[in-house]
Amino acid sequence: MCSIIRLEQLNQAYGKEMVLKNVQLQINKGEIYGLLGPSGSGKTTLVKTLIGALTPRNGLVQVDGVQMPNLKKLNDIGYMAQADALYDELTANENLTFFAKLYQMQGSYRNKRITEVLEQVDLLQDKDKRVENFSGGMKRRLSLGIALLHEPKILILDEPTVGIDPVLRNRIWDSFYKLKKSGVTVVITTHVMDEAEKCDRLGLLRNGSILASGTPNSLKEQAGVETIEEAFLQLGSDQS
Amino acid sequence: MKIAAIITRIIQQFLRDKRTLALLFLAPLLILVLTWVVLDQEAGNYSVATIDVPGQLVEQIESDSIEIIDTDTPYEDLADGEVQAVLVMEGQQLEITIDNSQPNIEKALFMHLQRTLSISENSAIQLDVEQYYKAEVETTFDYVGPVLIGYFAFFFVFLVGGISFLREKSQGTMERLFATPIRSWEIISGYLAGFGVFAIIQSIVVIIFSVYVLTVPMQGSILLVIFITLMLALTALTLGMLLSTFAKNEFQMMQFIPIVIVPQAFFSGLFSLDSAPAWVEGIGRVMPIKYGASALTDVMIKGNGLGEVSLDLLILLGFSSLFFILNLVTLIAYRK
């Protein structure tokens, strides 16, 4: 397996406050990698550093062999932020069109992809509704749709299924598996344990450090427990 | 292409936001009408140059509110605004040429001279008033109209542009933009162009309304006036965007109004700074409104052309460019 994302000795800070400490991480091409950790553990900071929205204080951040931040590499990355960054006055269709143009998608390909994505996140019926009239779940789905729009090789999703009902959550996970099959690497952050079980590999993040990284089963074995939740608590207490 | 995407998006957003559209287009008209209704007259201090006027008469004219200036080039000084009137004695005829581009000078000076001459022994002298500029400037509103046009263009574009740019950050879409391969200068240019469209429309609406409904004088080219207003609006837009960086929310953005917008009124030409100390004038020099308002007055009342106002326009361009660069620097820093 070749790693598509490599973090080495990554330190990140806001002012004097260290948020990420000596993070080592390799994410393989075509896997679904979950970053699991409580709020405040540094998940979002890690993800923002991955897409180059934050320049690392020091250390190595490589995506597909390119040192981040790199503007061109962003063409290969689909990103979904924790907050729904949508234009409320615009319709779903107009939001998608706007972002499609930023990725320089042209004419018929653009229209084809917009329709595909709307179908994928189940918003085709609501495409001409303004986002201000959307429910929380619909906004979440539209944000996901925008991340998928330009068929990125790497998807980086910050808490993608928060506020989404279980039925739709399953459907979204199905689409993650489908993307994985087509060779897309998916990185998601979550603090939901059962969701973490669905990832190929997991990184346990606490206080800005990766406690452990591996498949859900190997993490459970390593800690000698039955669930990811217990593993998380066990491995966390080992550290401190 | 990416810039065009931002322009399209801003136009779409605005057309949906009827309240903000009204603020941009109707609020300036409303305030102009109110000013037009209530504006009153006030007296001031004037400088007057004389040619061939007997010393005895000069002494009579000179008073608390009229200062006689000794000059070799009276008409040039009149054009520069150094003096507000030139008195010429021709035989028994006292001729006065008045700078009617400034508020209230004409009426007040005329009254003053009439009073002085009637109580003096020189009742044989007739006073003959001639206006230096072509415009028929009759009410105070006619004088301040051009300044107000510039001021409101500045104010509303500053507010709407600044808050929109701020919202892009507070609602998280700016960060989302940073995750796309768009360059920082493309974001700022897109914003400028998108809002520029509305600034042009606003300028046209306000100017047409002022000239045709409120009958503000329009001696020069209306196209030039629209262009000056647009340049002023661009300065307001870049400044608004820049200051939005230092505001956390809409409320903090509003706090810039008393700090940035209101002080500009004092240097816009609405109030005479002739007797203010030099340092006050120095402050005025960093106020974009000063240049915009002076250019508008020059064209609308004095009937000057592009040549006369080109320096003002260049200075406004300088302000916009400076703010644009500062915007770029702060956005790039924010992106990291």
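# A tour of chains A and B

Select α2(A) and α3(A) to start: Ala92(A), Asn93(A), Leu96(A), Thr97(A) and Ala100(A) in α2(A) meet Arg110(A), Arg113(A), Ile114(A), Val117(A) and Leu118(A) in α3(A). By class, the residues of this contact are six nonpolar, two polar and two charged. The model is a predicted one.

α2 of chain A covers residues 92-102 and α3 of chain A covers residues 107-120; their axes come within 10 Å and cross at roughly 130°. α2(A) and α3(A) are therefore oblique to each other. Their crossing is right-handed.

Next, colour chain A by domain. Domain 1 takes in 1-64 + 160-240, and domain 2 takes in 84-152. Taken over C-alpha atoms, the centres of domain 1 and domain 2 of chain A are separated by 26 Å. Where the two touch, seven residues of domain 1 of chain A are in contact with five residues of domain 2 of chain A. The domain 1 side of this contact in chain A has four nonpolar, two polar and one charged residues.

Stay in chain A and select β6, β7, β8, β3, β9 and β10. These six strands form an open sheet in the order β6-β7-β8-β3-β9-β10, with mixed pairing. The strands β6 (77-80) and β10 (209-214) of chain A each have a single partner strand, so one side of each is left without a neighbour in the sheet. From one strand to the next, the twist averages 15°.

Zoom in on β3 (residues 32-36) and β9 (residues 201-206) of chain A, which pair in the parallel sense over four bridges. Pick Gly34(A): its bridge partner in β9(A) is Leu202(A).

α5 of chain A (residues 166-181) lies across β3, β7 (154-158) and β8 (185-190) of chain A, and runs at about 150° to β8(A). α7 of chain A (residues 216-223) lies across β9 and β10 of chain A, and runs at about 110° to β10(A).

Chain A has another open sheet to select, made of four strands in the order β2-β1-β4-β5 with antiparallel pairing. β2 (17-28) and β5 (66-67) of chain A stand at its edges with a single partner strand each, so one side of each has no neighbour in the sheet. Within the sheet, five bridges join β1 (residues 3-14) of chain A to β4 (residues 58-63) of chain A. Asn11(A) stands opposite Asn58(A) in β4(A).

Bring chain B into view. 22 residues of chain A are in contact with 20 residues of chain B. On the chain A side, α2(A) gives the most, with five residues. That side of chain A has 15 nonpolar, three polar and four charged residues.

Colour chain B by domain: domain 1 is 2-39 + 139-335 and domain 2 is 46-131. The C-alpha centres of domain 1 and domain 2 of chain B lie 39 Å apart.

β1 (residues 46-51) and β3 (residues 85-90) of chain B pair in the parallel sense over four bridges, and Thr50(B) has Leu87(B) as its bridge partner in β3(B). On to β4 (residues 93-98) of chain B, which pairs with β3(B) in the antiparallel sense over six bridges. Here Val88(B) stands opposite Glu95(B) in β4(B). The hairpin of β3(B) and β4(B) has two residues between the strands, and in it Gly91(B) takes a positive phi near 65°.

Key. Residues numbered from 1 in each chain as written. Chains lettered and ligands numbered in written order. Predicted model: local features only at pLDDT ≥ 70, side-chain atom pairs only at ≥ 80, totals over all residues. Pairing = 2+ DSSP bridges. Axes fitted to C-alpha atoms, helices over the stretch in contact; angles between N-to-C directions. Parallel < 35°, antiparallel > 145°, perpendicular 65-115°, else oblique. Left-handed = near helix turned anticlockwise from the far one by under 90°. Nonpolar A, V, L, I, M, F, W, Y, C, P; charged D, E, K, R; others polar. Domains from an automatic or database assignment.
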